[in-house]
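The sequence and structure follow.

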Amino acid sequence: MAQGRIVAGVLAPHPPHLVYAENPPQNEPRSEGGWEELRWGYERLRRSLAGKAADVLVVHSPHWRTTCGHHVLDLARFQGLSVDPVFPNLFRFHYDVAVDVPLAEAIAEEGDRAGLVMGRMRNPDFRVDYGTLTSCHMVRPGWDLPVVAISTNRAFYYFSDDVGQREMVALGEATRRAVERTGRRAVLLASNSLSHRHFTEEPPVPEDMSHEHVFHHGQYLWDMRMLDHMRSGRTRQLIDEMPDFIEQTVSECKEGCLTWLMAALGFPDYPAEVHAYGTVIGTGNAVVEWDPEGARAAHDG
Ligand SMILES: [Fe+2]
C-alpha cells in the first residue's frame, strides 16, 4: 500500500445559510439564494479539488462538542435529520453520511498513542452536527466520498489558549500519521469561521443581502491580517497571533479546527489560495485551500 497523504487542506466554514441558499433536496427550507461570493468560492474550491483523486474528507467541526476528549464518528453509516438549534428556519437537513471507519479508528489510535483522550461514537442514533454537514456538503455536494468527523474538545475554553493549541497540534499530527499509514488521499476540512461577532436580529427575509455586511471594521482588519498570513505562507505567525485574534474578534478559531489543520499540514510556508471571503450575519468567513502537492511540484520544478 502506497503511503497516504493529505492532498488538500481547506478552511471550510459552515454557516448553515450557505446550504439554505443552495436549496439542495436534503434541506427542507427553500430560499431565494444569497451569500453568492462564499458559495461561488466553494464552487472554485470544488473545481480545484476535482483533479486530486481524493478518497476521503476529514472534518473537524466546532459544533460537535465533547467535554472529555476528541471523538470520531465510528460506524459505517449515520442517517437522520439535523436541525441547527439557532437557525431551525434555515437548516433542517436529512443526511446519509458514509464513514471511513478504518481511518477514523486509525486517527483515534494515533491520538491515544500521542497521549490524547480519544472517544469513538458508536451510537447509530447519534445526530451529526450542522457544522460537519455544512462543510462537507459545500465541498462535496454529491456526498460521494466517505467522511471522518472529529469533535471539538473545547480545551481553549476549559483550560487556556496554550492548552488548546497544544491539544490541537497533537491531534493534527496524529491525523496526518493516520492518513499516511492507511494509504488515504485525504482532504482535511477545518470547519470554523474567522471573526465571529454577529448580528442578533435576523431580517424578515434571511437572504436579503441589503442587511449583510462586516460586523465592524476592527473585526474586518483582523480577518484580513489572518488571510494575509495564509496567502503569504506565514502560518506559524498565524498560530502565534491566534490568542489575540480569538480574544479581539471572538473568533471561532477558539474551537481549534484551524490549528488542527495547520499542524496536520506541517505549518505550511507556501501560499494558500483564498477562494472567497464574505460575511454571514456579520461574521467573517473565508474559503481557503492549501495544496501541498502543488507546492511540492513548484518547489521541485
Ligand atoms: Fe459555527
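This is a predicted model: local features need pLDDT of at least 70, side-chain atom pairs count only at pLDDT 80 or more; totals for chains, interfaces and linings use all residues.

V72 counts as buried because 26 other C-beta atoms lie within 10 Å, where 20 or more are required. Once neighbours within four places in sequence are set aside, the contacts of V72 are A104, I107, A108, R120, M121, V148, A149 and I150.

K254 stands 182 residues from V72 along the chain, and the C-alpha atoms of the two are separated by 19 Å.

## The nonpolar core

The largest nonpolar core comprises 79 residues, and those with the most contacts inside it are V10, I107, V148 and L189. Helix α9, residues 257-264, gives the most to this core, contributing seven residues.

Of these residues, I107 and V148 are also among the contacts of V72. L189, leaving aside its neighbours within four places in sequence, is in contact with V10, A12, L57, V58, V59, S135 and V139.

## Packing of α7 against α8

The axes of helix α7 (residues 217-231) and helix α8 (residues 235-249) come within 10 Å and cross at roughly 165°. The two helices are therefore roughly antiparallel, since angles over 145 degrees are classed in this way. The crossing of α7 past α8 is left-handed.

On the α7 side the contact is formed by Q219, W222, M226, H229 and M230, which meet T235, Q237, L238, F245, Q248 and T249 of α8. By residue type, this contact divides into five nonpolar and six polar residues, with no charged ones.

Definitions and conventions: Residues are numbered from 1 along each chain as its sequence is written. A nonpolar core is a set of buried Ala, Val, Leu, Ile, Met, Phe, Trp, Tyr and Cys residues joined through C-beta atoms within 7 Å. A residue is buried if 20 or more other C-beta atoms lie within 10 Å of its own, exposed if 12 or fewer, and partly exposed in between; C-beta atoms are placed from the backbone. Helices (H or I, at least four residues) and strands (E, at least two) are DSSP runs, numbered from the N terminus. Two residues are in contact if their C-beta atoms, placed from the backbone, lie within 7 Å. Axes are lines fitted to C-alpha atoms, for helices over the stretch in contact, and angles run from 0 to 180 degrees between N-to-C directions. Angles under 35 degrees count as roughly parallel, over 145 as roughly antiparallel, 65 to 115 as roughly perpendicular and the rest as oblique. A crossing is left-handed if the near helix is turned anticlockwise from the far one by less than a right angle, and right-handed if clockwise. Ala, Val, Leu, Ile, Met, Phe, Trp, Tyr, Cys and Pro count as nonpolar, Asp, Glu, Lys and Arg as charged, and the others, Gly among them, as polar.
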